[in-house]
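Colleague: I would like to go through the terms used for this model and see what each one rests on. Can we take them in turn?

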Amino acid sequence: MKYPPRRSPFLLLCTCMGLLPALLLGCASSPPPATSNKPAPKLDIAALAAAMSNAAKAPASASSSAAPGAAQPPTLGAAPPFTVVVANAKRTAGLLPVWQREEKTWIELSPSMLNTPLFLSPKLATGIGEAGLYGGLMQSRGALVGRPQLVEFRVVRQQVQLIALNTLFTATPGTPQSLAVAAAYSPSLLASVPVASAPQARTGAILVDASALWQGDLLGLGLQLQRTFRQSYAIDPRNSGLTEVHGQAQSTVFEVNQHFATASIAAPAPTGSPLPTSSVPITVPDPRSLFIQVHYTLSALPDKLMTPRLADPRVGYFTSVVNDFTDDLARTPTRQFINRWRLAKKDPQAAVSDAAKPIVFWLDPTIPDAYRDTITAGILEWNKAFDAIGITHAIEVKTPPKDKPFDTQETGHASIRWMTNMQATFGAIGPSHVDPRTGEILDADIALESLSSRSMRTARSQYLASAADSVTDSPPAERCDHADEAAEQLELGLALLAEGGIVDPDAPEVRAFVLAYLKDVTMHEVGHALGLRHNFRGSGWRSATALNSMLLTSAQGISASVMDYLPINLPVPGEQGGAPFQTTLGPYDYWAIEYGYATLDDSQPATRQALLAIARRSDEPAQAQALAYGTDEDMATGLDPDIQVFDLGDDPTAFARQRLAIVRDLFKKVVQKPETDPDDASWARRTVLYGWRELGRTSQLLSRQIGGVSTRRVGASSPRDAIDPVPASRQRAALSLLANEFLNADAWALPATLQRKLSPDYLARSIGRDATPADLPMAQQRLAVQRETLGYLMSDTLAERLLDNAARTRDREPHPLLPAELQHRLVTTIWQPGRAPADASAWRDLQREHLNRLAQAVVRNASARADVRATFREEARELLELLRLQASRSRADTATGAHLRDSIDTLTTALAAQVGRPGP
């Protein structure tokens, strides 16, 4: 049923502010009782009805005349009879029946629905296209507020409370430990409304005002708007209200149109101010006002709990965490279950059987017709992994019926939808909602952003005529795009130009490329929806030779896992290469699905051994690389160079050389052919910036090889080392490439003629989408990459790790890379005498950056390691002698002479400074 948003009266506002109970009780009631985690007692409907009746009949002075200290019944107020409230109202059946009359809606709560856990699944039905507020987006399980959770309705005095249960801590019911848990950990109150009616005579059901229940900002969207824009946004109850309710036997859906407003707009902080600056949404007509439609589903939990499957660190699944305090003998109370769908064979005894209840993905009507078949193919690709473990037709794809209402956002309807956000933020996303008690996935909604595919179409039309025309007869290849770094990969593709001119964006090879990209994105996000996490080790599976084989990479993929973030697999310019994108599931994907979904009875002790046997296959030498796993937190530490995004192949230095050759060829084409569209003056600027971003990514890839440590997720009995430093030869190769390509005198200097053609997109600047200076300072672009490289190479953390790695490998590395060698290489590279670079000023900028960092290291002396301190001081002394020698040979009135004298003063002061030694 649909009806306009309700205009809430003053009392409704008081309810939102927690004032209505006080108003009803004459502001004389005692404070409401504190909630606890233990279940409230079952509601005594007869007693409640009698109390309401007595309260209505009792004289006003009855309570005041009672003897002091005498036991008194709760003050319940005069709730009207059930039949009076719902007179002329229409009842809609469902898990929670609702009654509607004009703009009023009540929820019918039977005694069986009180103190009964339900699953609350919040989503955004509509958004604003920016700031993470996207229509169709499923709320994250990791959010601080507004996340999916178990809730229950409780009656406390005359209030009906919607309580979020604390499922993180538990113990076996009925044990002393369960009493201790209930006393230690609190639930949370999400909403509270007065009882709207006396119990129904026949069923004992009571009514609550649905509008009042859902009118608050349960998801904390006002806080999100405040943090994002630094404006005083708050929910406006008067112009918010319930707009739709519909129910099924196992669920009831409430949609609430919420209005957020601010009375004033804060001005941005002055330029250069250290204070955070404010902004406004640019996607709404008036930034003082915006609407967001929130979709709540309350659904019944499974009648029978799914038996949890324990997580293993070698296999990448999202997990549900429960702290079970029942067993004091366990090493830790924390237990982690993998998140997975309840999927079983129709015939459990058969080696191969159809799924008893397939996982169904519904194609949302928002998906363009041209992409529906490809997205379907990406979803069904995962059936190959389920076929391998004997479950056929495990996944199905369906289209909602057009002749009757169907809600793809309702819990239990896994869906995939299309988003038209203002900017490509995540490319695609595949969140899920999970029963926190067992890890059972109850719902998943995948979202694809249209701007990503739009960029891919442009990239294919402008570049891949030269790089991919030779593979158009082969099966289409896909690549995966996620988050900001993936968007930059698309921008690199956009910048690479066709040697023979622009290909028609609607040409068959362009369409094939875009559809292949969408299929791969879908595969990745369906993997998330099945419970799988990222695997950033998958890209190291293939050798450089194998990556150039079109036959091999088309049939078996370029990575061990579709759950990696993969760059476009591009050959060295002028050579033939393999498939540019991942075309199918990799060996890791098959193995991970086997661990999570193999037909095993998880209630049996033998199952644990069977799961361990599956996980231990990753320790076998023949499969170690194919089944290797590393995920987001591993990459975030920056320690393991094999766990990175947008790297490819088992030789990082070879891959880096290849990418540098591609960018060098790109810049060469820009110089030779400075335009593709005579009226697009900003093309050269965009292309150069895309190339510089790829250079920065390559610099990071090489830097992490130096001092890197492989951190393998292996068992205690594994023949491989869990902590394994990168070989010194690999570190030195990366250092040499960094020195030669990024830290030399002429590193990536652009011709002056090209720099004069780097015009901005003035139309983009006019609507605030291009904040870079009109005269693009290329020296700063280059220095930014060099500064980040030096920041890593000259850090105390890296120097200390090099010493630790030498100790870890002293039985096999006779000549490890040590801090002294690294720092000396930087000095000899950056301060080469007699060099005459094309841009001497930019060269001096790099030297000054190195000098400042060296001086700071000498003065700061923060490291507790003696060798680190001594290394920086010794390099400073040697560099000071070199500078004095160069200054004696340089003319005093030149810029170089002034730079050398200034550098000498800096080092002399640093070496003479009193250094405070850290205490013991």
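Colleague: Which residues of H17 meet which residues of H18?

Modeller: Trp591, Glu594 and Tyr595 in H17 meet Arg608, Leu611, Ile614 and Ala615 in H18. Contact here means heavy atoms within 4.5 Å. Note that this is a predicted model, in which local features need pLDDT of at least 70, side-chain atom pairs count only at pLDDT 80 or more, and totals for chains, interfaces and linings use all residues. Residues are numbered from 1 along each chain as its sequence is written, and side-chain values use heavy atoms, with hydrogens and water left out.

Colleague: Why are H17 and H18 called roughly antiparallel?

Modeller: The axes of H17 (residues 587-597) and H18 cross at roughly 170° and come within 10 Å. Axes are lines fitted to C-alpha atoms, for helices over the stretch in contact, and angles run from 0 to 180 degrees between N-to-C directions. Angles under 35 degrees count as roughly parallel, over 145 as roughly antiparallel, 65 to 115 as roughly perpendicular and the rest as oblique. H17 and H18 are therefore roughly antiparallel. The helices themselves (H or I, at least four residues) and the strands (E, at least two) are DSSP runs, numbered from the N terminus; the chain has 30 helices and 25 strands.

Colleague: What makes H26 oblique to H29?

Modeller: H26 (residues 796-808) and H29 (residues 866-888) pack at an angle of about 120°, their axes 9 Å apart. That angle makes H26 oblique to H29. Asp796, Ala799, Glu800 and Leu803 of H26 make the contact with Asp867, Val868 and Phe872 of H29. By class, these are four nonpolar, no polar and three charged residues.

Colleague: What relation do H29 and H30 have to each other?

Modeller: The axes of H29 and H30 (residues 895-912) cross at roughly 150° and come within 9 Å. The pair is therefore roughly antiparallel. Residues of H29 in this contact include Arg873, Leu880 and Ala887, and those of H30 include Leu900, Ile904 and Leu911. The contact divides into nine nonpolar, three polar and three charged residues.

Colleague: Why is Arg616 called partly exposed?

Modeller: Buried means under 20% relative accessible area, exposed over 50% and partly exposed in between (1.4 Å probe, protein chains only). Arg616 has 40% relative accessibility, so Arg616 counts as partly exposed. Arg616 sits in the loop between H18 (605-615) and H19 (632-636). Leaving out residues up to four places away in sequence, Arg616 touches Arg314 and Gln609.

Colleague: Is Gln731 buried or exposed?

Modeller: Gln731 has 4% relative accessibility and therefore counts as buried. Gln731 is in H22 (residues 728-742). Beyond residues up to four places away in sequence, its contacts include Gln705, Ile706 and Leu817.

Colleague: What sets the phi of Asn115 and of Phe646 apart?

Modeller: Most residues other than glycine have a negative phi. Phi of Asn115 is near 60°, a positive value in a residue other than glycine, and phi of Phe646 is also near 60°. Asn115 lies in the loop between E3 (104-109) and E4 (118-124), and Phe646 in the loop between H19 and H20 (652-672). At 11% relative accessibility Asn115 counts as buried; at 2%, so does Phe646.

Colleague: How many residues does the largest nonpolar core have?

Modeller: The largest nonpolar core has 67 residues, and Phe667, Trp692 and Trp748 are among those with the most contacts inside it. A nonpolar core is a set of buried Ala, Val, Leu, Ile, Met, Phe, Trp, Tyr and Cys residues joined through side-chain atoms within 4.5 Å.

Key. Ala, Val, Leu, Ile, Met, Phe, Trp, Tyr, Cys and Pro count as nonpolar, Asp, Glu, Lys and Arg as charged, and the others, Gly among them, as polar.
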